[in-house]
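Student: I have a model open and want to go through a few features. Can you take my questions as they come?
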Amino acid sequence: MAGSCAPFAPAGGEGDDPATATFVSLNPCLDAILVEVAQPAQILALSHYSRDPASSSIAPNVAARHAFTGGTAEEVIALSPEIVLAGSFIAPETKSTLERAGMRVETFGSPTTMAQSDDQIARLAQLAGDKQRGDELTARIHAGPARPEGRELSALLWQPGQIVPGEATLIAQQLQWARLGSHSTAMGLHQADYVSLEMVLADPPDILLVAGDQTGQVHPVLSDLRTTMVAQFDPRLLYCAGPSIPRVRERLIEIRERYERDYYQAPLG
């Protein structure tokens, strides 16, 4: 019993073989990185979010290779992982219960920059004992797609709940990368500010990215915006860093190219 209360040595420390560490992940964003940097045998279970294609950031064929938990401490304890991966908002009582059961709980915040995303991948790869896999994943993320050229367009990202992202978010950084200027910032709005349908109609952007399904976001009057392109944006692309970044960029490029092809009219003269 006394031995079970001893603190864990950091991964990779003297006498520790991190390559043999086993994991249960409680966070869908960490799931997506873990399957890239760890050996399948190290992954005892992923979060239940990754079981559902509507909330998963992992390809269905990859997710199907793994077990899942509902996120309860009892389920995790039954699997006896060495390391539990969780978001920084894990319930304190759950974290405490897992630690008392002798498990190491590693928590991760939500990256707001590419650099923070890179750091998150490196940390997970270190825990899994395979730095090379982490380096390779980071290299693939940074390798493409290429940043689009051309003029800046205005874009309003209308998230679930009819709110907009703030400038200090990873998705805002990706919009900037795609040369899509933040229309919500130009409107004087900030993180999680509410945008009504009337506000959109009164001051429409070049591109309206709709990631929610509230009444205003699916209203037929949006089709009357002749110079604004309304494009659906998968909400699964909003929240995770790591392997999701190339998919976000590919979608933004696709949307931008459609606008240039179907909506943009060069000025006369």
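This is a predicted model: local features need pLDDT of at least 70, side-chain atom pairs count only at pLDDT 80 or more; totals for chains, interfaces and linings use all residues.

Student: How far apart are the end C-alpha atoms of helix H5?
Tutor: They are 21 Å apart. H5 covers residues 114–128, and at 1.5 Å a residue its 15 residues should span 21 Å, so the two values agree.

Student: And which residues of H5 are buried?
Tutor: Met 114, Ser 117, Asp 118, Gln 120, Ile 121, Leu 124, Ala 125, Leu 127 and Ala 128.

Student: Switching to the sheet. What is the strand order?
Tutor: The order is E3-E2-E1-E4-E5, in an open sheet of 5 strands with parallel pairing. Strands E3 (68–69) and E5 (104–108) are at the edges with a single partner strand each, so one side of each has no neighbour in the sheet.

Student: How many bridges pair E2 and E3?
Tutor: 2 bridges, in the parallel sense. Ser 47 has Thr 69 in E3 as its bridge partner.

Student: Which strands does helix H1 touch?
Tutor: H1 (residues 28–37) packs on the sheet and touches E1, E2, E4 and E5. Its direction makes about 145 degrees with that of E2.

Student: Which cysteines does the disulfide join?
Tutor: Cys 29 and Cys 240, with S to S at 2.0 Å. The link is left-handed, at -80 degrees about the S-S bond. Cys 29 lies in H1 and Cys 240 in the loop between E9 and H10, so the pair ties together parts 211 residues apart in sequence.

Student: Are those two cysteines buried or exposed?
Tutor: Cys 29 and Cys 240 are both buried.

How values were computed
Residues are numbered from 1 along each chain as its sequence is written. Side-chain values use heavy atoms; hydrogens and water are left out. Two strands pair if DSSP finds at least two bridges between them. Helices (H or I, at least four residues) and strands (E, at least two) are DSSP runs, numbered from the N terminus. Contact means heavy atoms within 4.5 Å. Axes are lines fitted to C-alpha atoms, for helices over the stretch in contact, and angles run from 0 to 180 degrees between N-to-C directions. The expected span of a helix is 1.5 Å times one less than its number of residues. Buried means under 20% relative accessible area, exposed over 50%, partly exposed in between (1.4 Å probe, protein chains only). A disulfide is a pair of cysteine sulfur atoms within 2.5 Å.
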